[in-house]
Amino acid sequence: MKRNIKKIAVLGSGIMGSRIACHFANIGIQVLLLDIAPKTLNETELKKGLSLDSKIVRNRIVNDALQFAIKSNPSPLYKKSFANRITTGNFEDDFKRVAEADWIIEVVVENLDIKKSVYEKVELHRKPGTLITTNTSGIPLHLLEEGRSDDFKKNFCGTHFFNPPRYLRLLELIPAPATDPEVIEFLTDFGQKFLGKTTVVCKDTPAFIANRVGIFGIMDIAHLVPKLNLTIEEIDKLTGPVIGHPKSATFRTSDVVGLDTLVHVAKGLYDNCPDDESRDLFVLPDYVQKIYENKWLGDKTGQGFYKKIKDEKGKSQILSLDLNTLGYKPSQKVNFPTLELTKTIGKVKDRFKVLVNGKDKAGEFYRASFSGLFQYVSNRIPEISDELYKIDDAIEAGFGWEDGPFKVWDAIGVEDAIAIMEKEGKKPAAWVNEMLANGFKTFYVRENGQSKYYDIPSKSYKIIPGTENLISLDNLRETNTIWKNTGVSIIDLGDGILNVEFHTKMNTIGGDVLVGVNKAIDIAEKDYRGLVIYNDGTNFSAGANVGMIFMMAAEQDYDELEMTINLFQKTTMRLRYSSIPVVVAPHNMTLGGGCEICLHADKVVAHAETYMGLVEFGVGVIPGGGGTKEFALRVGDAHQEGDVDLNIFRERFLTIGQAKVSTSAAEAFDLGYLRPGIDEIVVSCERLLTQAKAACLALADEGYVQPAPRNDIYVLGNSALGVVYVGANSMRSGNYISDHDQKISEKLGYVMAGGDISQPTFVSEQYLLDLERKAFVSLCTEKKSMERMQSLIQGNKILRN
């Protein structure tokens, strides 16, 4: 059947239910969010003289839960206004409204009897053919569907979202015995395209895939800690970003999620997996049991493996738990020689061989933990999955690992890892040795621009389903790179479209990147149809290379500095006025110079999680790569000739002056970084490059015409400049800003207003660029700007370490 999801009903408004509702609202779907009606009045309601029949009382539980979610940080919504897409109600008064829904998602408490009673009510009201899914994290699906109608069973399955649903990409789909395969096919496609999820079809086994493997990994490490005499800080250093895992690593993650949650899942796995060869690892180590008994559950109780306190000076201090004494002590900096060897290795995958060959305690830990992990995941096939790529997908999307277990195993070398495992007393499942014996040396290969995985039943490599039509730079770098330098690779995407990929530290923009972008435009204008600027790094770009600018300013090489800024401006203007269409596809942090590159594209195809901003004010300067000019241009274009709307000017001035960064791509439209009707949002990060290429081809196919430089930019002159000077002076008088902040504000206003002009008039882009460049360089001569740049550079060094 053809399905069109216009409205969903979410039954249960707890932590997961309210946030699932918010994420559906993010993508434009109307949501009905229901929960139980209260049985008693609270103190506030009693004081107001309300009764249990009052609507505000009857919807109190659901409304409080939704408001708590909306106010949480990070926000579950792309924009606060999207909450208007959510209608609330209660099970007694509003359950009949589930008949309006195209998809009903049950997210009530993890209790079989309660869930089955909810399904009975659903049966009374749902339309035939309506999807009905459960967010259960462990109750067997065959038990949940017992007693239901054939139509219910046919359209019923598990949809296990991970918390927080907006940010964690995993959606596990669990077919029940009678689920129509079309339902799974539809949800797989819908989850990927519209919810931005990595959808993984799982077997109905305890904890499904991600939690089964992820909790094993945590528990295995917890048991290794006393054996290797490691500390809390050491484990979190060893299991964090150095191996492509989140900064919260192991024990900090436990504190965030709650030790009680970890204990609950581990106990469930011990009870429900009697044949698991590693079952005993799901029993809590003694020190974890004591911490649990003490109710040191993490953030929710104020202390766990870590504890935050105020010292005698009122400064926050992080203490860590000493596992020998169970007392708290100041966190210690961690150093291992093995980790030092990886500092110059940029790609996480390239570090694993170094890590497992370490001669210190770190190397010992990696050999033990990876050996246990490899044995475990290989033994879980075919129990929890028939295909190995699903295990990697689930762990990467659900636990935030950069590389899943089988990809890590490949990075070490399958045979080399088996040799390490044998020394650690571990061994892989028999199918791994059979794979090697049949001449297949890796779990994954790249062939003809496609990623393929080793399929165990057919003993052959197969394309990963769902990736057939997706473009991945990983699959093209080796064969399609046509030019590169230290900062940029130019890669042929096919069909006449080139891609510029940054690969500097944090994808910062320096001379090498600017040279590379210009080179790409040269090549594209000569032999290609269009250009995309995209990379698959953690962030699109942290902005201009502040260290390079600082060095020029510190050496008072202002001529060189002006030439560099001039090159940046000319590069962004080439993006705007080249003879081929330019599409930029940002994601995550897109700051400063990275934002300026977006501002000059013909079209921006932004991932939904794009945090975009012109943040130069924070380091004591104004945007100097065309960003200030572009905001002046956009202010002018929002005016009719002769108009003077200072509100528009003030709004855009404050966006730069307060270094505002969007919390989503949707919010970037409100801040003026993205343009309605031109730029677009893609929810799926895996589809971002594919969509950007398609957008570039569409512009070329429409008959792209090289635009002419603008000489008709409407600027407001002294009427706007006066507002800036008065406002900055007032803020300084009230001690809200410093003398230096006032100076930056006035220079920013001077450029955006078009300079000291007596009345509104028209100017050229080059005129504004000259003002911008002069202001930028002059601010770089200021001592306070230098101090801010130096502080930023030192802060980045600390973060990297």
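Buried means under 20% relative accessible area, exposed over 50%, and partly exposed in between, with a 1.4 Å probe and protein chains only. At 23% relative accessibility, N588 therefore counts as partly exposed.

## Basis of the model

This is a predicted model, in which local features need pLDDT of at least 70 and side-chain atom pairs count only at pLDDT 80 or more, while totals for chains, interfaces and linings use all residues. Residues are numbered from 1 along each chain as its sequence is written, and side-chain values use heavy atoms, with hydrogens and water left out.

## Residues with positive phi

N588 is placed in strand β20, residues 588-591; helices (H or I, at least four residues) and strands (E, at least two) are DSSP runs, numbered from the N terminus. The phi angle of N588 is near 50°, a positive value in a residue other than glycine.

A positive phi, near 60°, is also found at D495, again a residue other than glycine. D495 belongs to the loop between β16 (488-494) and β17 (497-502). With a relative accessible area of 53%, D495 is exposed.

Two packed helices are described by the angle between their axes and the distance between the axes. Here axes are lines fitted to C-alpha atoms, for helices over the stretch in contact, and angles run from 0 to 180 degrees between N-to-C directions. Angles under 35 degrees count as roughly parallel, over 145 as roughly antiparallel, 65 to 115 as roughly perpendicular and the rest as oblique.

The axes of helix α13 (residues 259-272) and helix α14 (residues 286-293) come within 10 Å and cross at roughly 125°; α13 and α14 are therefore oblique to each other. The crossing of α13 past α14 is left-handed, a term for a near helix turned anticlockwise from the far one by less than a right angle, right-handed being the clockwise case. L259, D260 and V263 of α13 meet V288, I291 and Y292 of α14 in this contact, where contact means heavy atoms within 4.5 Å. By class, the residues of the contact of α13 with α14 are 5 nonpolar, no polar and 1 charged. Ala, Val, Leu, Ile, Met, Phe, Trp, Tyr, Cys and Pro count as nonpolar, Asp, Glu, Lys and Arg as charged, and the others, Gly among them, as polar.

Helix α10 (residues 210-228) also packs with α13: their axes come within 10 Å and cross at roughly 110°, so α10 and α13 are roughly perpendicular to each other. On α10 the contact is made by N211, R212, I215, I218 and M219, and on α13 by L262, V265, A266 and L269. The contact of α10 with α13 comprises 7 nonpolar, 1 polar and 1 charged residues.

The peptide bond from N73 to P74 is cis, with omega near 5°. P74 lies in the loop between α4 (60-71) and β3 (86-90). Another cis peptide bond joins I381 and P382, with omega about 10°, and P382 is located in the loop between α17 and α18.

S385 likewise has its place in the loop between α17 (361-379) and α18 (388-399). S385 is buried, with a relative accessible area of 2%. Its side chain reaches the backbone oxygen of E387 at 2.8 Å. Not counting residues up to four places away in sequence, S385 touches K203, I209, R380, K390 and I391.

## Further buried positions

I509 is situated in the loop between β17 and α23 (511-527) and, at 2% relative accessibility, counts as buried. Not counting residues up to four places away in sequence, the contacts of I509 include F502, L514, F568 and I597. The C-alpha atoms of I509 and V488 are separated by 9.8 Å, the two residues being 21 residues apart along the chain.

N135, in the loop between β5 (131-134) and α7 (141-144), is buried with a relative accessible area of 9%. Not counting residues up to four places away in sequence, N135 touches M16, I20, E106, V107, T159, H160 and F161.

Not counting residues up to four places away in sequence, A668 touches S662, Y673 and L674. The C-alpha atoms of A668 and T610, 58 residues apart along the chain, are separated by 8.1 Å.

Definitions and conventions. A polar contact is a pair of N or O atoms within 3.5 Å; within protein, one must be able to donate a hydrogen and the other to accept it, and residues adjacent in sequence count only if both atoms are side-chain atoms.
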